[in-house]
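Me: Could you take me through this structure feature by feature, giving the general idea before each case?

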Protein chains: 2
Amino acid sequence: MRTVEEHLESVLAAIEPVAEEVLPLDQVHGLVLTRDVVSDVDLPRFANSAMDGYAVRATEIADITPEHPRSVPVLGDIAAGDGARHTHREGSVWRIMTGAPIPEGADAVVRVEDTDGRPREVLISHAPEAGENVRPAGDDVRAGDVILRRGTRVGATQLAILASAGVAEVAVTGPVRVVVLSTGDELVPLGEPVGPGQIHDSNGPMLVALIRAAGGTVVHTGHLPDDEKVIKKTLDHHLRDADLVITSGGVSKGGSYDAVKAVLTGTGSMEFAEVGMQPGKPQGFGLLGKRRVPLFTLPGNPVSVLVSFEVFVRPALARLAGRRHTPVTVPAVVQQGWSSPEGRQQYHRVRLTRDAAGTYAAAPVGGAGSHLVGGLAMADGLAVVPAEITQVATGAEVPVLPLRPVEEIEADLAASTDRDTTAASSGQPPSVRGSW
Amino acid sequence: MRTVEEHLESVLAAIEPVAEEVLPLDQVHGLVLTRDVVSDVDLPRFANSAMDGYAVRATEIADITPEHPRSVPVLGDIAAGDGARHTHREGSVWRIMTGAPIPEGADAVVRVEDTDGRPREVLISHAPEAGENVRPAGDDVRAGDVILRRGTRVGATQLAILASAGVAEVAVTGPVRVVVLSTGDELVPLGEPVGPGQIHDSNGPMLVALIRAAGGTVVHTGHLPDDEKVIKKTLDHHLRDADLVITSGGVSKGGSYDAVKAVLTGTGSMEFAEVGMQPGKPQGFGLLGKRRVPLFTLPGNPVSVLVSFEVFVRPALARLAGRRHTPVTVPAVVQQGWSSPEGRQQYHRVRLTRDAAGTYAAAPVGGAGSHLVGGLAMADGLAVVPAEITQVATGAEVPVLPLRPVEEIEADLAASTDRDTTAASSGQPPSVRGSW
């Protein structure tokens with residue numbers, strides 16, 4: 001039996017990021033740049049006004065003070081977006097709006113608040129320094145500057161700078177196209193009636209949601225019957241296009257009806273391993289077909305599927321996407337102890353609360369069976385219990401891998417302890433030092 | 001000038017969750033349930049085997065021990081999904097697969113590992129307790145049980161239990177349909193050429209990404225010229241369908257060319273306020289039209305837009321979606337101090353690193369101007385400086401609002417300090433107690 005760490009290492013060692021694609025900006029949110037992005041232009045593109053006001057030549061009105069304001073003629077208005085060429089004329093000013101180009105020969109902007117705001121002749125009561133309220137061309141970025149490094153994940157602010165620089169498309173590690181297949185003759189897709197001995201497929205919808213939230217693109221979700229020929233044909237079909245295939249079910253120990261295992265054994269680099277973890281012991285992984293597509297065979301129980309996803313599939317998805325996944329846990333004090341199998345790292349579903357001191361407390365939920373989905377939906381996270389621990393003591397501290405963003409857990413805790421809007425409406429976000 | 005807290009309170013007090021909708025499961029990921037969900041069925045739906053093995057009546061083989069195994073006849077196979085009715089016959093067993101229905105009259109399953117695994121006559125070497133390796137019907141959920149409470153946000157595990165219970169559609173607070181409009185004659189959409197005095201719109205793409213990541217549905221993104229008639233017509237059009245309208249630009253202090261402000265002043269409950277914050281001082285918010293649609297007018301600078309989004313729009317989006325947003329900050333030590341304006345709460349862009357003790361260090365990035373997008377894309381978070389502080393000292397501790405998931409920041413820190421795969425491949429996720 002290999003350790004979780006050994007299995008994860010062998011999975012990550014086998015896979016590489018998917019191919020580079022050049023995509024328009026509206027398709028790259030969440031993807032990783034494969035090349036440095038260089039700006040072709042200065043940003044700002046041209047010297048422009050930081051304020052609504054009057055564009056002046058600073059030396060010409062250096063004598064002005066609040067006590068000795070002076071009127072000067074206004075040549076006209078320059079609006080943002082005005083494409084005409086405007087030139088400063090000695091002794092006069094242009095009225096100018098935020099973002100509008102500074103007229104040639106002017107070098108400062110008097111804010112409208114430091115004038116009487118008139119359009120033809122304006123009374124100015126402040127003498128600006130040269131450069132005041134002017135955003136020089138290239139102040140932010142110079143043409144030729146690298147604005148984003150390869151390896152950067154494109155988020156909202158990265159989109160802002162790319163758009164500012166007029167970069168309409170970028171080279172990225174392509175979207176990871178994932179196929180999800182639930183196995184077993186007992187499974188019925190949601191919306192269809194369930195006959196005797198049958199159940200609705202819950203792993204498919206869960207995996208689709210997990211993959212999407214992790215940045216993957218689900219290109220197909222379907223069902224594999226317990227028929228080796230059909231399984232083989234279906235897999236061959238998907239290996240032509242997919243970047244990752246995930247099956248659940250069909251790989252239990254007995255084997256007589258483990259059709260997926262039967263089909264895959266001996267193909268590609270497929271390995272079926274026992275991993276020292278609970279749940280999720282039977283893990284299958286390999287590269288299949290000409291395109292060497294990574295394929296995970298996950299166990300069939302929903303809790304095992306979830307844990308296997310968090311521990312192996314999520315890091316693999318990140319690697320396929322050209323990223324690196326670093327799991328981050330929060331410490332919690334065990335509210336009520338539980339036992340853990342010797343020699344297997346346990347991932348125990350827990351619900352988090354906060355004690356008076358602000359420390360998380362973890363209460364086990366959902367029972368021991370990995371078929372129990374009722375408690376799974378109550379769990380905020382997975383307590384990670386090392387293989388050598390067989391009894392988790394009440395009061396012990398355990399690391400908990402959150403199953404949803406900590407902000408969401410915090411919002412629910414705030415809602416349950418405090419029904420007014422104080423916490424939600426605080427402009428000072430609560431700091432969480434020492435509590436998670 | 002009102003405080004950030006006052007403004008946020010007035011915004012949140014004005015808005016309510018959008019209308020309830022009944023939607024199929026594949027459309028509710030991330031939405032909030034408006035009603036308790038009750039299961040119509042037991043889960044498991046029927047008693048089934050937890051293992052591949054042989055279904056027995058425990059009392060009949062109680063004499064078996066590893067030292068005294070015994071052969072019994074096998075009546076046949078029961079596969080998962082087998083819809084036929086099977087009945088136990090005294091002295092014999094059924095071979096049974098994981099998830100298959102327990103035959104009537106049997107009460108335990110002997111694991112295949114405790115047998116010789118034969119199909120016609122099987123040698124059994126372990127006497128199970130009654131109930132061993134059997135998942136009783138209703139063990140997880142009973143028909144009539146509330147499986148999910150109203151107010152629950154639907155994530156992957158919630159989808160799993162809904163699907164298990166055969167719930168094909170649920171009542172949720174509907175998707176929040178957001179319209180994003182960038183204002184100003186100087187703006188050119190990405191992909192079109194930029195003429196003199198013009199710039200590409202960067203706020204639109206940034207807001208779209210922020211809204212989507214926050215769970216909103218962007219139904220339209222467009223442009224408002226500095227023409228009051230066109231602005232009025234465009235807004236009237238969107239107020240018919242949208243749940244939230246966000247404009248950026250067109251609201252600066254001067255006002256002569258602030259077409260958005262000119263159109264909106266005096267309409268609905270629209271208020272233009274100065275908020276004690278930097279950046280983001282000029283904030284407009286109100287409910288407009290018959291449907292009383294919330295509308296934010298954000299400043300035009302990208303940094304102001306980002307900060308306004310984090311401080312006001314994100315909590316408003318959560319409230320429209322029936323959720324509550326609780327901002328969570330991480331503490332960081334200031335690497336190099338900066339100044340902050342008196343009487344305004346400052347949100348300063350910082351990049352995070354880790355010192356040897358595992359504490360975050362925050363270095364300011366991107367300069368003081370709120371038009372500077374170059375540094376914005378480098379920022380990991382916003383340091384929050386209270387209004388009464390005018391100088392942030394080197395070495396001081398500040399709360400930092402992350403601009404991306406902490407897991408991502410951690411992954412980048414791990415990648416930059418450690419080029420091998422140790423951290424990525426660790427089965428024991430690093431705990432972050434006391435460091436964030």
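This is a predicted model: local features need pLDDT of at least 70, side-chain atom pairs count only at pLDDT 80 or more; totals for chains, interfaces and linings use all residues.

Me: How is chain A divided into domains?

Reply: A domain may be built from separate stretches of the chain, and the assignment for chain A shows this: domain 1 takes 4–17 + 175–320, and domain 2 takes 20–43 + 139–173. Domain 3 covers 48–135, while domain 4 covers 330–417. Between the C-alpha centres of domain 2 of chain A and domain 3 of chain A there are 35 Å.

Me: Which residues have the most contacts inside the largest nonpolar core?

Reply: That core has 188 residues, and those with the most contacts inside it are Leu317(A), Leu317(B) and Val400(B). If residues up to four places away in sequence are set aside, Leu317(A) touches Val176(A), Ile211(A), Ala214(A), Gly215(A), Gly216(A) and Leu244(A).

Me: How should I read the packing of helices, and at what angle do H1(A) and H6(A) pack?

Reply: Angles under 35 degrees count as roughly parallel. In chain A, helix H1 (residues 4–14) and helix H6 (residues 302–320) pack at about 25°, with their axes 10 Å apart, and H1(A) and H6(A) are therefore roughly parallel to each other. Their crossing is right-handed, and the contact is made by Val4(A), His7(A), Leu8(A), Val11(A) and Leu12(A) of H1(A) with Val311(A), Phe312(A), Pro315(A), Ala316(A) and Arg319(A) of H6(A).

Me: And which residues of H3(B) and H6(B) meet?

Reply: From H3(B), Asn203(B), Met206(B), Leu207(B), Leu210(B) and Ile211(B) meet Pro302(B), Val305(B), Leu306(B), Phe309(B) and Leu317(B) of H6(B). The angle between these two helices is about 30°, and their axes lie 11 Å apart; H3(B) and H6(B) are therefore roughly parallel to each other, and their crossing is right-handed.

Me: Is Glu310(B) buried or exposed?

Reply: A residue is buried if 20 or more other C-beta atoms lie within 10 Å of its own, and partly exposed if the count falls between that and the limit of 12 or fewer for exposed ones. Glu310(B), in helix H6 of chain B, has 22 other C-beta atoms within 10 Å and so is buried. Apart from neighbours within four places in sequence, Glu310(B) is in contact with Leu382(B) and Leu401(B).

Me: Where does Gly343(B) lie, and what is in contact with Gly343(B)?

Reply: Gly343(B) belongs to the loop between strand E23 (338–339) and strand E24 (345–354) of chain B. With 13 other C-beta atoms within 10 Å, Gly343(B) is partly exposed, and beyond its neighbours within four places in sequence it is in contact with Gly276(B) and Ala387(B).

Me: Finally, which residues of chain B does a cis peptide bond join, and what is phi of Arg292(A)?

Reply: Most residues other than glycine have a negative phi, and most peptide bonds are trans. One cis bond joins Leu43(B) and Pro44(B), with omega about -10°, and Pro44(B) is in the loop between strand E3 (37–38) and strand E4 (48–49) of chain B. Another joins Gln278(B) and Pro279(B), with omega about -5°. As for Arg292(A), phi is near 50°, a positive value in a residue other than glycine, and Arg292(A) is found in the loop between strand E20 (282–288) and strand E21 (293–298) of chain A.

How values were computed: Residues are numbered from 1 along each chain as its sequence is written. Chains are lettered from A and ligands numbered from 1 in the order in which they are written. Domain bounds come from an automatic or database domain assignment. A nonpolar core is a set of buried Ala, Val, Leu, Ile, Met, Phe, Trp, Tyr and Cys residues joined through C-beta atoms within 7 Å. Two residues are in contact if their C-beta atoms, placed from the backbone, lie within 7 Å. Axes are lines fitted to C-alpha atoms, for helices over the stretch in contact, and angles run from 0 to 180 degrees between N-to-C directions. Helices (H or I, at least four residues) and strands (E, at least two) are DSSP runs, numbered from the N terminus. Angles under 35 degrees count as roughly parallel, over 145 as roughly antiparallel, 65 to 115 as roughly perpendicular and the rest as oblique. A crossing is left-handed if the near helix is turned anticlockwise from the far one by less than a right angle, and right-handed if clockwise.
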